[in-house]
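Please examine the sequence and the structure shown here.

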Amino acid sequence: MKTTSTRLAGLGTTIFAEMSALATRTGAINLGQGFPDTDGPPEVVDQAVQALREGRNQYAPGIGVPELRRAIADHQLRFYDLAIDPDTEVAVSTGATEAIAAALLGLIDPGDEVIVLEPYYDSYVAMLQMAGAVRRPVTLRAPDFRLPLDELRAAVTPRTTAILLNSPHNPTGSVLRREELAAIAEIAIEHDLVVISDEVYEHLTFDGLPHIPIATLPGMAERTLTISSGGKSFSFTGWKIGWATGPAPLVAATMGVKQFLTYTSGSPLQPAIAHALDADDAYFTDFTARLQSQRDLLCDGLVAIGFDVLVPEGTYFVTTDIRPLGFDDGIDFCRQLPERAGVVAIPHQVFWDDQDAGRPLVRWAFCKRPEIINEALTRLGALRH
Ligand SMILES: Cc1ncc(COP(=O)(O)O)c(C=O)c1O
């Protein structure tokens, strides 16, 4: 009996599931998976409860309820001056994950080459493989994780059809600068490529660094599908309400797949995320400031323990090099960490094709309450020489 398709070859179980199960089994503090340990605004929960009670419990329109599509378009206009038609240029999805999957299946043919920033968020590798695409990595290397523009130019071939971007970037925490985005835009326009831009950490850039959607660069709105989600910006990762915005043909291709994956997404949660998106600017600045102070707490503590800390410009995550503490293999280190110190982290290797580059790096999530970060740091003190 055939039990697996070749589409799944080599994909296995995600490291996040393995490490979260390890955390549950050992009672370790989970600084592995990127979910906050504090829920988002209570009034957003109230909106969801109200929607449940008001009977908004049947299928929503496939592209999303009108008030959420309107709120997404308003958000793009308010923060980025991007004008979007809520009826044809927005599709609501089951998290950014589904939007990524639907976009790749809807826009990429088998054999197409897609340029991706390495290290990669794991769903990109899986979905490119399922789409039959060939991934062409352009590697962001430690310690500063900048985009090597010459390598980006060299990665384009006659078979390239798309660039899959992620900024702020998981797992490195790097945020693409305007010069880097301009170089990507130039290449995309010259070679007539689609850009799929995963911006789920759009409200998590630190030290005043701006998040610049590549769709805002000249000539890019018409060739960019931008993906985001309510999970990270509003601390409701379990709700899985995401979206894609961009030119109508790219959104239509994404919807063409989405209609057969899930058809529609979380009806009562959609109006609540619409309410969240309408929050005043103070919500977003307070949220960023809180995460920045959690970043600083974790980074300072990891430095004090002796890690080489690669301070992130954005996202939920900090990367460390574990070699100063006498370790050299992140997978071994992370598998032993719950026993040794009662903490779970994620080895970078799972995000890399270049295993040597990823081997000494480990990713830690700081989307946790300060007291939890402090407790984790106290436990990690056991690793000091
Ligand atoms: C870069 C990136 N894209 C997408 C996602 C998934 O987003 P969602 O939970 O909305 O599906 C994540 C979650 O960790 C992520 O880090």
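Strand β3 and strand β4 (residues 134-139) pair in the parallel sense, and 6 bridges connect them. Two strands are said to pair if DSSP finds at least two bridges between them, and helices (H or I, at least four residues) and strands (E, at least two) are DSSP runs, numbered from the N terminus. Within this pairing, valine 116 faces proline 137 of β4. The model is a predicted one, in which local features need pLDDT of at least 70 and side-chain atom pairs count only at pLDDT 80 or more, while totals for chains, interfaces and linings use all residues. Residues are numbered from 1 along each chain as its sequence is written, and side-chain values use heavy atoms, with hydrogens and water left out.

Together with helix α5 (residues 122-130), β3 and β4 make a right-handed β-α-β unit. A crossover is right-handed if, with the strands pointing away from the viewer, the path from the first strand over the helix to the second runs clockwise. In α5, Ser123, Tyr124, Val125, Ala126, Met127 and Leu128 are buried, where buried means under 20% relative accessible area, exposed over 50%, and partly exposed in between (1.4 Å probe, protein chains only). The cover over these buried residues includes α4 (95-107), β3, β4, β5 and β6. After α5 comes glycine 132, with a positive phi near 80°.

Strand β3 (residues 113-118) is also joined to β5, in parallel, by 4 bridges. Isoleucine 115 has isoleucine 163 in β5 as its bridge partner. Of the 7 residues of β5 (residues 160-166), 6 are buried.

The ligand is surrounded by 14 residues, the closest being Thr97, Asp198, Ser229, Lys232 and Lys240; a residue is near a molecule if one of its heavy atoms lies within 4 Å of it. Polar side-chain atoms lie 2.5 Å from a ligand oxygen atom in threonine 97, 2.6 Å in lysine 240 and 2.7 Å in lysine 232. Taken alone, the ligand exposes 400 Å², of which the protein buries 93%; these accessible areas come from the Shrake-Rupley method with a 1.4 Å probe.

A separate open sheet consists of 4 strands in the order β9-β10-β13-β12, with antiparallel pairing. Its edge strands, β9 (308-310) and β12 (346-347), each pair on one side only. The strand β12 is joined to β13 (residues 361-365) by 2 bridges, and isoleucine 346 stands opposite arginine 363.

Aspartate 329 lies in the loop between β10 (317-321) and α12 (330-341). Is this residue buried or exposed? Aspartate 329 counts as buried because its relative accessibility is 17%. Its side chain reaches the backbone nitrogen of isoleucine 331 at 3.0 Å, and a polar atom of that side chain lies 3.0 Å from the backbone nitrogen of aspartate 332. Leaving aside neighbours within four places in sequence, aspartate 329 is in contact (heavy atoms within 4.5 Å) with Ile322, Gln349 and Arg359.

Methods:
A polar contact is a pair of N or O atoms within 3.5 Å; within protein, one must be able to donate a hydrogen and the other to accept it, and residues adjacent in sequence count only if both atoms are side-chain atoms.
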